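We will walk through it stop by stop, picking a few residues or elements each time.

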Amino acid sequence: MHLKNKKAIVTGATKGIGKAIAQAFVKHGADIAVFATNQDRLNRIQKELEDIKVDPNQKIITKKVDVSKYAEVEKVSNEVLNEFGHVDILVNNAGITKDALLMKMSEEDFDRVIDINLKSIYNTCKVLIRPMIKNSKSKIINISSIVGLIGNFGQTNYAASKAGMIGFTKSLAKEVASKNINVNAVAPGFIETEMTEKIPEKIKEQILKNIPLKRFGKPQDIANMVLFLAGDDSDFITGQVFAVDGGMVM
Ligand code: NAP
């Protein structure tokens, strides 16, 4: 019960890494609000999280929201604040890819990736930072990527968004450290989710050759790190980026 009585928001928690984070939080006693755009998946995760509650009083909330839209984020975050009373933990996990060589990348695909992956964390943090300052302590965890550290072929938009998240994390960490808010980033390597399913087998084989621990990551590998950063054991850590990547970047 690492997060007993904590109130958390996790964006993009209807599948993949976000879902594993939400499940871990619920198993550790947190009340949780999930943000995502697809109503069917939101209904499904609502039920799945209700089924693994460890306390009948635990609250599970799901909100249909496009995190790239400030007004929508403001509206649903205020609804969550009303229902929970406050928010202790914010995990910015929602993200997309729209890969192409720069020469072929449309302006629309560049903007969409920046808006969903990077502008979104401005939206959630801007809306929630004042209420979070009122807590005795709070945690913000941003899910970046090792691609934000080392770049990647065909991902100028995605790598820029993920590198931007790191700069944002470190800057906000400096701004709010005195208010007892820890802001950290996790940089996953290759994790088996729908996002990476579409990568061709040949490229996956190449990637595997560059992973010293010789396997792809599971969503749970990321959830384990996020759980640590969300709890009290990480109180003296802020402004850091944690690669969880089987040793790809070292
Ligand atoms: P995923 O399986 O595709 O899940 C993405 C989640 O984001 C879904 O719940 C999706 O729900 C939500 N989402 C997408 N657009 C949204 C929007 N506009 N507003 C709100 N929610 C939105 O992806 P994943 O692999 O779990 O990745 C999760 C995070 O980890 C991403 O930020 C990704 O960049 C990062 N990451 C992943 C890997 C990897 O190898 N998988 C590696 C490094 C970093 P809806 O479709 O219902 O909106």
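Start by selecting Thr 14 together with the ligand: a polar side-chain atom of Thr 14 sits 2.7 Å from an oxygen atom of the ligand. Keep in mind that this is a predicted model.

How much of the ligand does the protein bury? Taken alone the ligand exposes 890 Å², and 94% of that is buried by the protein.

Next, color the elements that give two or more residues to the shell around the ligand: α1 (16–27), α6 (156–176) and α7 (194–197). The ligand has 30 residues around it, and the ones that come nearest are Thr 14, Thr 37, Asn 93, Tyr 158 and Thr 193. Coloring the shell by class gives you 14 nonpolar, twelve polar and four charged residues.

Time to switch to the cartoon view and find the sheet. Seven strands form an open sheet in the order β3-β2-β1-β4-β5-β6-β7, with parallel pairing. Select β3 (60–64) and β7 (241–244) at the edges: each has a single partner strand, so one side of each is left without a neighbour in the sheet. From one strand to the next, the twist averages 15 degrees.

Zoom in on β5 (residues 138–143) and β6 (residues 181–188), which pair in the parallel sense over six bridges.

Finish with two helices. Helix α2 (residues 39–51) lies across β2 (31–36) and β3, and runs at about 175 degrees to β3. Helix α6 packs on the sheet too, touching β4 (89–92), β5, β6 and β7, and its direction makes about 160 degrees with that of β6.

Definitions and conventions. Residues numbered from 1 in each chain as written. Predicted model: local features only at pLDDT ≥ 70, side-chain atom pairs only at ≥ 80, totals over all residues. Heavy atoms only, no water. Near = heavy atom within 4 Å. Polar contact = N/O pair within 3.5 Å; in protein donor to acceptor, adjacent residues only side chain to side chain. Areas by Shrake-Rupley, 256 points an atom, 1.4 Å probe, with all protein chains shown as cover. Helix = DSSP H or I, 4+ residues; strand = E, 2+ residues; numbered from the N terminus. Nonpolar A, V, L, I, M, F, W, Y, C, P; charged D, E, K, R; others polar. Pairing = 2+ DSSP bridges. Axes fitted to C-alpha atoms, helices over the stretch in contact; angles between N-to-C directions. Contact = heavy atoms within 4.5 Å.
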